[in-house]
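This briefing goes through a protein structure by topic. Please look at the sequence and the structure before reading the points below.

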Amino acid sequence: MLAYRFGFLLKALTELQLFYIWFEPLIDRWLAVTKTMALQRVRAAVELDRPVDGEHIVKHSTSSVDTAACLYHMRLVWRSIGGAEEGTLGGSVRLLEAACATALHYADLVHGALADQGYYENHGQNKSTEEICTIVNNLEYVRRSLSEYDDEQISNDENSRQLVRGALGTLECRSIRAAVPLAVRARPPLRKAVFHLAWSPDSLPTQQAITPLLEYLDQHLSSLNTWLLPRAFTRALAACWNAVLKEVSNQADSGGAEKPRVYHHRLKEALDLLAEFIHAEGKGLPMTEVHNAEWKRLEQRMQYHQAPTEELLEIWLEDRLTDQGRTPLPSPYGSILIRVYFNHDSLCVEILSARDVIPLDPNGLSDPFVVLELLPKRLFPKTHEQTTNVQKKTLNPVWDECFEFAVSLEACRSPQATLALSVWDRDVLTADDFAGEAFVPISRVPGVNSHAPPDPLRPIELPLMQLHDRGHPILQILESRNTDKMAIDFVKKQKLRFAE
């Protein structure tokens with residue numbers, strides 16, 4: 001009898017340990033109702049949306065308050081049943097899914113309403129700045145409320161963490177997109193202020209010429225700082241900074257009338273002052289975000305604009321050598337085999353052969369020849385181009401020709417000294433076609449560099465290259481110098497070398 005009672009008690013205890021199974025159907029039903037009611041509440045909140053009145057508060061409306069309150073109550077229940085901790089009721093994960101769905105449903109409703117109004121196409125022209133700030137803040141309120149789920153309670157649950165952070169990322173993107181009109185509507189006054197800055201008289205210091213631009217930015221950003229939540233303001237500040245950079249860039253690259261002597265120097269000084277203004281001694285954007293990719297690109301273009309043409313040509317040459325170092329063999333344009341060394345008072349270049357030259361004639365072959373040139377001209381002012389013979393109807397020409405350039409060892413030791421080789425296809429009735437180019441840093445060849453390979457007779461194989469970047473800043477800047485013969489001739493020469 002005792003054994004029987006003990007067995008009965010053990011069975012009862014086992015069943016009690018699994019008591020939660022009795023409630024699973026009810027929990028599933030409750031979760032479904034909870035999610036449905038939350039989505040209905042969000043829809044009603046959006047339909048009955050109205051601004052929240054009050055002074056000295058950020059702009060927002062009732063729909064975001066109601067949605068955030070809904071998420072708050074769901075979060076209380078979620079945490080009371082253990083969040084995403086292992087061993088808790090399975091309903092906790094489904095409640096987390098319901099919370100994410102609620103927040104995303106709100107964002108979808110806001111996004112859909114804006115799209116129907118043509119908000120994105122016309123950059124919010126039918127909205128005031130305050131109304132745009134309200135939209136952005138509403139999305140940020142909901143995002144911030146959902147972010148309360150992203151805490152230590154889901155740190156050990158990868159699925160829950162991905163679920164919440166994916167929803168947060170979507171809300172962030174919607175908020176950023178909604179805020180785009182804030183930067184777009186700032187562009188015309190920014191353009192006017194940057195134009196005033198660039199074309200101010202030479203006698204006016206940059207600190208004074210930039211005053212109208214800084215005053216506009218101060219007024220515009222002060223209003224946004226009052227109306228936007230902190231995270232939303234930071235995003236708006238970053239967007240405004242990118243708009244400033246674009247306007248300065250457009251002004252720097254503008255053509256038309258001849259620019260004053262200090263034009264680009266002033267814009268470069270102004271760029272540094274603007275960076276300090278946006279950083280605001282640590283209260284604005286971090287310097288890592290101020291000095292973003294657009295800022296670095298613009299700073300480089302400013303330096304190019306201020307550089308004389310000869311210096312730009314040398315930078316271009318250095319870039320081509322860098323490109324060659326990144327080009328593997330075999331190259332899609334073939335390769336060239338050469339031997340280069342310095343002997344007595346001459347630079348000796350042996351053009352041996354090439355292979356896999358691209359076909360440029362209708363017969364599927366080419367008539368290749370090589371043009372040799374020493375660059376830059378300031379180091380080799382008395383040297384001239386030299387040319388090999390033409391090899392007919394072949395893609396693997398053999399020349400075995402030797403050339404000498406009477407140059408000084410001192411000039412060859414300059415880091416900028418370069419041998420430029422260009423392969424062309426000879427045409428009788430039309431202009432010759434460009435097949436590819438290669439470069440040799442002369443300071444590294446045997447006889448010039450004491451650390452060069454001990455065997456000067458060992459040939460080297462170089463990949464042939466063509467140009468691809470028609471928007472290269474150096475080419476654009478040189479093309480704008482329409483009264484500079486050296487710049488015009490260089491651009492004309494390079495335009496023949498672009499890949500089709």
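This is a predicted model: local features need pLDDT of at least 70, side-chain atom pairs count only at pLDDT 80 or more; totals for chains, interfaces and linings use all residues.

Phe 195 has a relative accessibility of 45%, so it counts as partly exposed. Trp 199 is also partly exposed, at 30%, whereas Tyr 263 is buried, at 1%.

**Aromatic rings**

- The whole structure holds 5 aromatic pairs.
- In one of them, the ring centres of Phe 195 and Trp 199 are 6.2 Å apart and the planes meet at 35 degrees, so this pair is tilted.
- Trp 199 also pairs with Tyr 263, this time edge-to-face, with 5.2 Å between the centres and 65 degrees between the planes.
- Trp 199 sits in the loop between α7 (187-198) and α8 (206-209), while Tyr 263 belongs to helix α11 (residues 263-279), so their pair ties together parts that are 64 residues apart in sequence.
- Through these ring pairs, Phe 195, Trp 199 and Tyr 263 form a cluster.

**Nonpolar cores**

- The largest nonpolar core contains 74 residues, and Leu 146, Leu 213, Leu 228 and Trp 241 have the most contacts inside it.
- Helix α10 (residues 230-253) contributes the most to this core, with 11 residues.
- Leaving aside residues up to four places away in sequence, Leu 146 touches Leu 71, Ala 99, Cys 100, Ala 103, Val 164, Ala 167, Leu 168 and Leu 171.
- Another core lies apart from the largest one; it has 35 residues, including Tyr 333, Ala 354, Val 357 and Trp 399.

- Of the 8 residues in strand β3 (residues 368-375), 8 are buried, so the strand is largely enclosed by the rest of the structure.
- In a regular strand, side chains alternate between the two faces of the sheet.
- In β3, Pro 368, Val 370, Leu 372 and Leu 374 point one way, and Phe 369, Val 371, Glu 373 and Leu 375 point the other way.
- β3 pairs with strand β6 (residues 418-425) in the antiparallel sense over 8 bridges, and Val 371 stands opposite Ser 422 of β6.
- Strand β4 (residues 386-387) also runs antiparallel to β3, joined to it by 2 bridges; Gln 386 in β4 is the bridge partner of Leu 372.

**Helix α6**

- Helix α6 (residues 158-184) has 27 residues and should span 39 Å at 1.5 Å a residue, which agrees with the 39 Å between its end C-alpha atoms.
- α6 has a kink of about 30 degrees at Ala 178, shortly before the proline Pro 181.

Key: Residues are numbered from 1 along each chain as its sequence is written. Side-chain values use heavy atoms; hydrogens and water are left out. A nonpolar core is a set of buried Ala, Val, Leu, Ile, Met, Phe, Trp, Tyr and Cys residues joined through side-chain atoms within 4.5 Å. Buried means under 20% relative accessible area, exposed over 50%, partly exposed in between (1.4 Å probe, protein chains only). Helices (H or I, at least four residues) and strands (E, at least two) are DSSP runs, numbered from the N terminus. Contact means heavy atoms within 4.5 Å. Two strands pair if DSSP finds at least two bridges between them. The expected span of a helix is 1.5 Å times one less than its number of residues. The bend at a residue is the angle between axes fitted to the seven residues ending there and the seven starting there. Rings of Phe, Tyr and Trp (its six-membered ring) pair if their centres lie within 6.5 Å; planes under 30 degrees apart count as stacked, over 60 as edge-to-face and the rest as tilted.
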